[in-house]
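Subject: Structure handover

Hello,

Here is the structure I promised to pass on. Please open it first, then read my notes below.

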Amino acid sequence: MFSVMPMRVLAGQTLPSFPTLMFIDKGNITITSTGATYTDNSNFTHTETELNSNGYIITQQDVGTAVTDYYIVVDANTDVTVTLQNVNIDVSALMPLTSAFEVKTGSVNLTLIGTNTLISGSNNAGLQVTSGSVIISGGTNDKLTTYGAGCAAGIGGGQGGSGGNITISGGTVT
């Protein structure tokens, strides 16, 4: 048994901040320097007006099914913290051809929780880092599997394109 204690906020105090929770199986997720656009688990579309300094958690409601219609884009030109939690994205048949997760600009600190899979369309990397950088971290049981299609890398640049900086400091990445 537990009880909930009311929280009192005094003038000049602010409530604690938390990462923004996003569901990839509800719609595309775009994170920019001015915030993010995403759809929540109630199918309500949100457009933030500023970047959440506490980061973003991206997950999906139906973990057993690949998301085939939606993808993630970070074009922030600044540091962004993103956690992938049991995400399975396969946009290999989506037209126009796209990447499951693309970092266009900025530096993404990517934390893995659980098993995550990114499969992209032809000529796109699974985790496409066009410019900027990605630091991938996670625990012993946290995994990221990426598949590029055509002549693209699993992580890095698309076909014929260069990639940004990628550092893997934890988790299992294949």
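Three bridges tie strand β2 (residues 29-32) to β3, and the two run antiparallel. Keep in mind that this is a predicted model.

β2 and β3 make a hairpin, with two residues between them. Within that pair, Thr30 has Thr37 of β3 as its bridge partner. β3 also pairs with β4, again antiparallel and over three bridges. There, Thr37 stands opposite Thr47 of β4.

Is strand β3 enclosed or open? Four of its five residues (35-39) are buried, so the strand is largely enclosed by the rest of the structure.

Next, Glu48. This residue sits in the loop between β4 (45-47) and β5 (56-59). Glu48 is buried but has no salt bridge. The nearest side chain of opposite charge belongs to Lys104, 18 Å away. What does the Glu48 side chain meet instead? There is a polar contact of 2.9 Å with the side chain of Thr20. Beyond its neighbours within four places in sequence, Glu48 touches Thr20, Thr34, Gly35, Ala36, Tyr38 and Tyr56. Of these, Gly35, Ala36 and Tyr38 fall within β3 (residues 35-39).

Elsewhere there is an open sheet of four strands. Its order is β7-β9-β12-β15, and the pairing is parallel. β7 (88-90) and β15 (172-173) are the edge strands, each with a single partner, so one side of each has no neighbour in the sheet. β7 pairs with β9 (residues 115-122) through three bridges. Asp90 has Ile119 of β9 as its bridge partner.

Some backbone details are worth a look.

- Pro96: the peptide bond from Met95 to Pro96 is cis, with omega near -5°. Pro96 lies in the loop between β7 and β8 (101-113).
- Asn43: phi is positive, near 65°, in a residue other than glycine. Asn43 is in the loop between β3 and β4. Its relative accessibility is 53%, so Asn43 counts as exposed.
- Asn77: phi is positive here as well, at about 55°, and this residue is not a glycine. Asn77 belongs to strand β6 (residues 72-85). Asn77 is exposed, with a relative accessible area of 66%.

Best wishes

Conventions. Residues are numbered from 1 along each chain as its sequence is written. This is a predicted model: local features need pLDDT of at least 70, side-chain atom pairs count only at pLDDT 80 or more; totals for chains, interfaces and linings use all residues. Side-chain values use heavy atoms; hydrogens and water are left out. Buried means under 20% relative accessible area, exposed over 50%, partly exposed in between (1.4 Å probe, protein chains only). Lys and Arg count as positive and Asp and Glu as negative; His and the chain ends are not counted. A salt bridge is a side-chain nitrogen of Lys or Arg within 4 Å of a carboxyl oxygen of Asp or Glu. A polar contact is a pair of N or O atoms within 3.5 Å; within protein, one must be able to donate a hydrogen and the other to accept it, and residues adjacent in sequence count only if both atoms are side-chain atoms. Contact means heavy atoms within 4.5 Å. Two strands pair if DSSP finds at least two bridges between them.
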